[in-house]
Amino acid sequence: MHEYLSDHVHLSDDGTAVVILDQTRLPGRTEYLTLRTAREMFDAIRLLQVRGAPAIGICAAYDLYVLARQLRAGSPAQFLAQLRQQAAVLASARPTAVNLSWALERMLKAAAAQRTTADMLSALHRECIAIHEEDIAMCRAISEYGLTLLRDGDGVLTHCNAGPLATSRYGTALGPLLLGSERGMRFRVFADETRPLLQGARLTSYELSRAGVDVTLICDNMASLVMKNGWVQACLVGCDRVAANGDTANKIGTSGVAILARHYGIPFYVLGPTSTIDLSCATGADIPIEQRDPDEIKQMFYREPMAPAAVRCYNPAFDVTDHELISGIVTEYGICRAPYTESLRAVFDKKSAGIPGEGRPFL
Ligand code: MRU
């Protein structure tokens, strides 16, 4: 089995801190951060020191447990009220990836089901571990399903980073590639660099090359040529929030990849867990899109600023890919096909029916 950086978010041994690998330092430096305060935790998510929809959910769950241990409340009701305040602050760090609020709500629900503060703390501890463990199983199941869509020797284009660093293990969009390569399959992967924060250059090409997968880094504006050359048989991307009709928010630039894929007749697949599906959003128009600091465009990663200091910038972190451009949405419960309004609902029916076990993926 390959060495993945799958333990990049975890609780400290004494449970008083959350330890994360600082993803803003990769690939050059492998540095871990120890988060103890609400401010440090908020900043770690906001500044993308931890990033990727499932990973920020896992991190936030651990964060809330650590913060809960610091609360000094007179009664269980006060404890719960303070916990809700802490959760609201963490949830506001990034608005698009629904896994963040999903994980925090799960934690609050687990605490609210208890009577005493001590029991609430135990329940919070169990819940954050469960969220992390379920993510590991989820990645594995998505990787297995995703692998059925690929053939040995395929060229695959991916955008942003949906690998182990964005999740817990295997990842979502990179999962089939890592799993397949463990089984001796060979793929030729094209990783979009993913401007402006370069998750493709810094993280995807790093993860795949460490795992021995053939990866070629391209600038975002080269995807069309690479597809036209016949080098891409499938596009695999992750997701930050999937609406009930299948419209999918993912890293800015994803919708352009989907439009190109349609033009060249290449299947375009979205891979993500059910925790990223938000049936309360009817369409992509209901998904909040995070706007980020203009300096990410003007000067970040440059030796000196590459734009006039005062120029106006538009820097949305995500865009929405129209469901009509998506060939399939791969979840831990199987592959959803159009019409997504029906197939996504069916996935939740399976999940709530507890098939084959409460909240457990199929594989
Ligand atoms: O801004 P980021 O780096 O958190 O954006 C990440 C993505 O868009 C990923 O594709 C998505 O979260 C899926 S991760 C399995």
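User: What makes Leu64, Ala68, Leu71, Leu108, Ala111 and Leu124 contacts of Leu83?

Analyst: Contact means heavy atoms within 4.5 Å, and, leaving aside its neighbours within four places in sequence, Leu83 is in contact with these residues: Leu64, Ala68, Leu71, Leu108, Ala111 and Leu124. This is a predicted model, in which local features need pLDDT of at least 70 and side-chain atom pairs count only at pLDDT 80 or more, while totals for chains, interfaces and linings use all residues. Residues are numbered from 1 along each chain as its sequence is written, and side-chain values use heavy atoms, with hydrogens and water left out.

User: Why is Asp22 called buried?

Analyst: Buried means under 20% relative accessible area, exposed over 50%, and partly exposed in between, with a 1.4 Å probe and protein chains only; Asp22 has a relative accessible area of 3%, so Asp22 counts as buried. Asp22 lies in the loop between β2 and β3 (32-35), where strands (E, at least two residues) and helices (H or I, at least four) are DSSP runs numbered from the N terminus. Not counting residues up to four places away in sequence, Asp22 touches Glu31, Leu33 and Gln49.

User: What makes the pairing of the Asp22 and Thr24 side chains a polar contact?

Analyst: A polar contact is a pair of N or O atoms within 3.5 Å; within protein, one must be able to donate a hydrogen and the other to accept it, and residues adjacent in sequence count only if both atoms are side-chain atoms. The side chains of Asp22 and Thr24 are joined at 2.5 Å, which therefore lies within the limit of 3.5 Å.

User: Why is α3 described as roughly antiparallel to α4?

Analyst: The axes of α3 and α4 come within 10 Å and cross at roughly 175°, and that makes α3 roughly antiparallel to α4. Angles under 35 degrees count as roughly parallel, over 145 as roughly antiparallel, 65 to 115 as roughly perpendicular and the rest as oblique. Axes are lines fitted to C-alpha atoms, for helices over the stretch in contact, and angles run from 0 to 180 degrees between N-to-C directions. On the α3 side the contact includes Leu80, Leu83 and Arg84, and on the α4 side it includes Leu104, Leu108 and Ala111.

User: How do you know which way α1 runs relative to α2?

Analyst: α1 and α2 pack at an angle of about 175°, with their axes 11 Å apart, and that makes α1 roughly antiparallel to α2. Ala38, Met41 and Ile45 in α1 meet Ile56, Ala60, Asp63, Val66 and Leu67 in α2.
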